[in-house]
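Me: I'm new to this one, and I'd like to walk through its pockets and a helix contact. Could you show it to me?

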Amino acid sequence: MKVDGFLLAIIGAVLLALVAPGLGLPEGPLHLGVVTRAGIALVFFLHGANLSPAALRAGASNWRVHLAVQATTYVVFPALGFALFFGLAPWLGVEARLGIFFLCALSSTISSSVAMTSLAGGNVAAAVFDASLSGILGMVITPALMAVVAAVEGRGIALLPAIRDVMEVLLLPFAAGQVLRGVVAPLLAARKPLVQSLDRGVIVLIVYSAFCESTASGLWHSQSPLVIAAIGLIAAALLALVLTLTTLGARALGFSLPDEVTTVFCGSKKSLANGAPIARILFAGTPAMGMIMLPLLLYHQLQLVVCAVLARRYAERIAGEG
């Protein structure tokens, strides 16, 4: 397997934050509070310009798959998150449990869901529709779910201001990209590596900034390595459980194999590309933001590795049946 440069960049950002946290504080020398906010808006503008309305229309009719995917993302996952948040209270601190719930409250990925579905021979049109719809819904649903859980812990998130901030930084640039797609899309098509590098670069900066704040607050000195290992095991268990549920659910509903592939990959994924910006907005100034993002970072890498293996197995099955 090739070394994942993006993963190495994230690991490097975390290590740098542990040894030089002062550089990445929001008001530090790099002014990452302003820089990451502007970068997030630019990235979502580019996402909007890249999204083809024709591709969405092509996959819109398969409502049973869409219902299964969105229900998994915004009903099954949050239900599991609620159970873990309250059930793990005797063993994990509130920051780690908020991070686990934040993972469960996020939207599905777009690029990797579609890429894995295509590799496996699944219904790509439906995957494009579901992954895109999930990301748009998550701009409202994720802050709402986090506000509910934070209120239970007495850490209230002002819901309407949170949604307004997400709309301003994510949805409005996304909508502007859609409006200007005719002008911008041809330019982006010729510069795909640059666009991808910008997207990933903003995520790395957000991760660096989050871990700088946590390091500067002394958070990591109070955390046992066993806590981090436990979070990794919980992320792996969540992934295994949801992959099993989506597979069995798709078969119980009588989906074709290509539709099963779409349901499994779109329903089980969680988006670091959306999660990092939303965390930056919802938890701005929170010293524990690094811990809150940690479950998502671990889950993100696990899902890529496991789903790549599953995609190849699905591709072999579909080729055999053909």
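Reply: Gladly! A pocket here is an open set of grid points where a 1.4 Å probe fits, with protein on both sides within 12 Å along at least five of seven lines. Please keep in mind that this is a predicted model.

Me: Which element supplies the largest share of the lining of the largest pocket?
Reply: The lining holds 48 residues, and Ser111, Ser112, Ala115, Gln196 and Arg200 lie nearest the centre. Several helices each give at least two residues, including α1, α6, α10 and α14. The largest share, seven residues, comes from α14.

Me: How many residues in the lining of the largest pocket are charged?
Reply: Sorted by class, the lining has 28 nonpolar residues and 14 polar ones. The charged residues in this lining number six.

Me: Is alanine 115 buried, partly exposed or exposed?
Reply: Alanine 115 is found in helix α6, and is among the residues nearest the centre of the largest pocket. Its relative accessible area is 45%. Buried would need under 20% and exposed over 50%. Alanine 115 is therefore partly exposed.

Me: Which element gives the largest share of the lining of the second largest pocket?
Reply: About 320 Å³ of space lies in this second largest pocket. Of its 15 lining residues, Ile11, Val14, Leu294, Leu297 and Leu298 are the closest to the centre. The elements that give two or more residues are α1 and α14. The largest share, six residues, comes from α1.

Me: And how many nonpolar residues are in the lining of the second largest pocket?
Reply: By class, this lining has no charged residues and two polar ones. The nonpolar residues number 13.

Me: How many nonpolar residues does the contact of α10 with α14 have?
Reply: On the α10 side, the contact includes Ile206, Val207 and Phe211, while α14 brings residues including Met289, Leu294 and Leu297. By class, two residues are polar and one is charged. The nonpolar residues number nine.

Definitions and conventions:
Residues numbered from 1 in each chain as written. Predicted model: local features only at pLDDT ≥ 70, side-chain atom pairs only at ≥ 80, totals over all residues. Heavy atoms only, no water. 1 Å grid on protein atoms, 1.4 Å probe; cavity = no way out; pocket = protein on both sides within 12 Å on 5 of 7 lines; lining within 4 Å. Helix = DSSP H or I, 4+ residues; strand = E, 2+ residues; numbered from the N terminus. Nonpolar A, V, L, I, M, F, W, Y, C, P; charged D, E, K, R; others polar. Points joined across faces, edges and corners; volume = space filled by probe spheres on them. Buried < 20%, exposed > 50% of the residue type's maximum accessible area, 1.4 Å probe, protein only. Contact = heavy atoms within 4.5 Å.
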